[in-house]
Amino acid sequence: MAYRELPPPEALAPQVCCLWWSTGAGTRVLPDGCADIVWTGSRLIVAGPATRAVIPDLPPRETRVGLRFRVGAASLGLGLPAAELRNLSVPLADVWPDGAELSERVGEALDSRGRLELLARAVAGRLNDAPDPDPLIREAVHELARPRARVELVGRRLAISERQLRRRFEATVGYSPRTLARVLRLQRFLRLAQRGETDLAWLAADAGYADQPHLTRECVRLSGRTPGALLG
């Protein structure tokens, strides 16, 4: 499988983390707190924020392209609460009134670059009419990305109750602050492992887990695999 990420156009960078393309059979996709719009080879779909691993059922010889929203930005571009898409992959036509028309135009594009340009232009048009991002959510996401972050302390620092913070997270991120903290911790573990470290106890501590069994439980819960199997 080949996979490549590209930086988004400058105007989209505050809400979009990357454009991407992929070829080959679908591989296990782990939760990352983001949502994507994906050209599957036959139509555009929205892949909502996930709390478990997904293995896409996609044609192996098709080139897929996609646009990935930053954590907390999908609701602005898609125009609905992110929690409505949690753990779902739905046709873009079910989300945008003109989704079917855009899907047809993307399918008619000559190559992957043309498809990405059409997709980026469509999202830019949506974001032009969207409200400004919630600065409190962005700050909370930044805080929760730290090892051993505690939701109650984040809420206290931002002067917002846990209930209010959860409600705003459900709308913008797609799940609770505690779930996002777990997802970001798993992603931190994977980034540390990519540097070549193999000691799981060290990786668990550095990523912010209480101990190696905690890492194992969370890996199985979020990815469906043990840490060793996941890294292998």
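**Close-up views of a predicted model**

**View 1. Thr 40 sits in the loop between β3 (36–39) and β4 (44–47).** The model shown here is predicted. Thr 40 counts as buried because its relative accessible area is 6%, under the 20% cut-off. Its side chain makes a polar contact of 3.3 Å with the side chain of Ser 42.

**View 2. Six strands form an open sheet with antiparallel pairing.** The strand order is β1-β2-β5-β3-β4-β6. β1 (2–6) and β6 (89–91) stand at the edges. Each has a single partner strand, so one side of each lacks a neighbour in the sheet. On average, neighbouring strands are turned by 25° against each other, direction ignored.

View 3. Ile 37 has Val 46 in β4 as its bridge partner.

**View 4. The largest nonpolar core holds 32 residues.** Leu 144, Phe 169, Leu 180, Leu 186 and Phe 189 touch the most other members. Elements giving two or more residues are α4 (135–144), α5 (151–157), α6 (162–172), α7 (177–194), α8 (200–207) and α9 (212–223). α7 gives the most, with nine residues.

**View 5. Phe 189 and its contacts beyond four places in sequence.** The partners of Phe 189 are Leu 200, Leu 203, Ala 207, Tyr 209, Leu 215, Cys 219, Pro 227 and Leu 231. A second, separate core has 30 residues, including Val 65, Leu 76, Leu 85 and Leu 116.

How values were computed:
Residues are numbered from 1 along each chain as its sequence is written. This is a predicted model: local features need pLDDT of at least 70, side-chain atom pairs count only at pLDDT 80 or more; totals for chains, interfaces and linings use all residues. Side-chain values use heavy atoms; hydrogens and water are left out. Helices (H or I, at least four residues) and strands (E, at least two) are DSSP runs, numbered from the N terminus. Buried means under 20% relative accessible area, exposed over 50%, partly exposed in between (1.4 Å probe, protein chains only). A polar contact is a pair of N or O atoms within 3.5 Å; within protein, one must be able to donate a hydrogen and the other to accept it, and residues adjacent in sequence count only if both atoms are side-chain atoms. Two strands pair if DSSP finds at least two bridges between them. Axes are lines fitted to C-alpha atoms, for helices over the stretch in contact, and angles run from 0 to 180 degrees between N-to-C directions. A nonpolar core is a set of buried Ala, Val, Leu, Ile, Met, Phe, Trp, Tyr and Cys residues joined through side-chain atoms within 4.5 Å. Contact means heavy atoms within 4.5 Å.
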